[in-house]
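The following exercises are to be worked through with the sequence and the structure at hand. Each task is followed by a solution in steps.

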Amino acid sequence: MSKGQAKTLVGMLAFPASKTGWALEARHGTVDMNGRTALMGIVNVTPDSFSDGGRFFDPGRAVAHGIELAAEGADIIDVGGESTRPGARAVSNREEMERVLPVIQGLRRGLSIPISIDTYKAEVARAALAEGADVVNDISALRFDPEMISLVAAEKAPVVLMHMQGTPRTMQQNPVYRDVVAEVRDFLAGRAAAAVAAGVDRRRIVIDPGIGFGKTLAHNLALLRGLAELVSLGYPVLVGPSRKTFIGKLLDAAPEERLEGSLAAAVAAALAGASILRVHDVKEASHAIKIADAIRFGPPDPSPLTPNPSRVRGDRDA
Ligand code: PMM
């Protein structure tokens, strides 16, 4: 075993805990990551996403789905209007806004939790923030659109910086790394430093290894195994393994048959120190993560002040 592998193993065995006071403050609520793993529920308003393409293309269905995910325990709802599956067609700013803005409006009316906009386009992010989104989830880590970094700084929006090798069109052609964990770590450290230099408060930064974005099966597994290296950068780490191809390859299963594999990967990521998990199946993930969190942080407080914090508007009156 190499020194690096031994270090990773020690990091995993120690179950790196979230720091005290670990929270992501957004305009419409705070994502609590203190002694717990937060969940980001996925709403893809696309006709062609790899696992749920077309199911929530209708705005009314997308809003209803987001509200359902919140009621099931999501801490953030992530709305995306362009599929990033390998080789997917890019959509225009206008088309993307026509997809996501009515959904963000509807969710903002119905939800009391933060909403994130999954886009790498500044015009789309600006419009989404104006409609009540809180967080910018940028799969390009603020690189593809030169206006994104100043927008995020000026809006004081929390931001997810994700690693990707190449672009969605090319990323799975032949991804190559010398040391995938070290390269992803150094990339994310560099992008976080660039964001801070542009005026983004470091407490608003989340980093993400970008599972499936320019990575082979072995690269994805190495990143999950070595997640402690990313956690050591001092930013909350978000991981999105849900229904991804690496699970399909290991189980020889279609996207709709990847629930158990997705939950296993989510638990592994939580025990390796992830603070936020991006998932399609919130109810199932919340059960799995409750167990992972109890192992990671100890049993939950038997008498929490707010047993079931309300995520959906109107819940308290019910
Ligand atoms: N994966 C997808 C889309 N957006 N954003 C972040 N931050 N991390 C991810 O892993 C990620 C993402 C692709 O998955 P989907 O088509 O199921 O949404």
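**Exercise 1.** At roughly what angle do the axes of helix 3 (residues 93–110) and helix 4 (residues 122–130) cross?

*Solution.* The model used here is predicted.
Step 1. The axes of helix 3 and helix 4 come within 10 Å and cross at roughly 20°.
Step 2. Angles under 35 degrees count as roughly parallel, so helix 3 is roughly parallel to helix 4.
Step 3. The crossing of helix 3 with helix 4 is right-handed.
Step 4. Helix 3 contributes Asn93, Glu96, Met97, Val100, Leu101 and Ile104 to the contact, while helix 4 contributes Glu123, Val124, Ala127 and Ala128.
Step 5. Sorted by class, the contact of helix 3 with helix 4 contains seven nonpolar, one polar and two charged residues.

**Exercise 2.** Determine how helix 6 and helix 7 are oriented towards each other, and identify the residues in their contact.

*Solution.*
Step 1. The axes of helix 6 and helix 7 lie 9 Å apart, and the two helices pack at an angle of about 70°.
Step 2. Angles of 65 to 115 degrees count as roughly perpendicular; helix 6 and helix 7 are therefore roughly perpendicular to each other.
Step 3. Their crossing is right-handed.
Step 4. The contact consists of Val180, Val181 and Val184 from helix 6 together with His219, Ala222 and Leu223 from helix 7.
Step 5. By class, this contact has five nonpolar residues, one polar residue and no charged residues.

**Exercise 3.** Which residues of helix 7 (residues 217–225) are buried, and which helices are included in what covers them?

*Solution.*
Step 1. The buried residues in helix 7 are His219, Asn220, Ala222, Leu223 and Leu224.
Step 2. Their cover includes helix 6 (180–197), helix 8 (227–231), helix 9 (245–251) and helix 10 (259–271).

**Exercise 4.** Which residues of the largest nonpolar core touch the most other members?

*Solution.*
Step 1. This core has 93 residues, of which Ile77, Leu161, Ala266 and Leu277 touch the most other members.
Step 2. Helix 6 gives the most to this core, namely seven residues.
Step 3. Beyond four places in sequence, the residues that Leu277 touches include Thr37, Leu39, Met40, Val239 and Ala266.

**Exercise 5.** Is Asp78 buried or exposed?

*Solution.*
Step 1. Asp78 is located in strand 4 (residues 76–80).
Step 2. Asp78 counts as buried because it has 26 C-beta neighbours inside 10 Å, the cut-off being 20 or more.
Step 3. Apart from neighbours within four places in sequence, the contacts of Asp78 include Met40, Asp118, Asn137 and Arg278.

Key: Residues numbered from 1 in each chain as written. Predicted model: local features only at pLDDT ≥ 70, side-chain atom pairs only at ≥ 80, totals over all residues. Axes fitted to C-alpha atoms, helices over the stretch in contact; angles between N-to-C directions. Helix = DSSP H or I, 4+ residues; strand = E, 2+ residues; numbered from the N terminus. Parallel < 35°, antiparallel > 145°, perpendicular 65-115°, else oblique. Left-handed = near helix turned anticlockwise from the far one by under 90°. Contact = placed C-beta atoms within 7 Å. Nonpolar A, V, L, I, M, F, W, Y, C, P; charged D, E, K, R; others polar. Buried ≥ 20, exposed ≤ 12 C-beta atoms within 10 Å, placed from the backbone. Core = buried A, V, L, I, M, F, W, Y, C linked by C-beta atoms within 7 Å.
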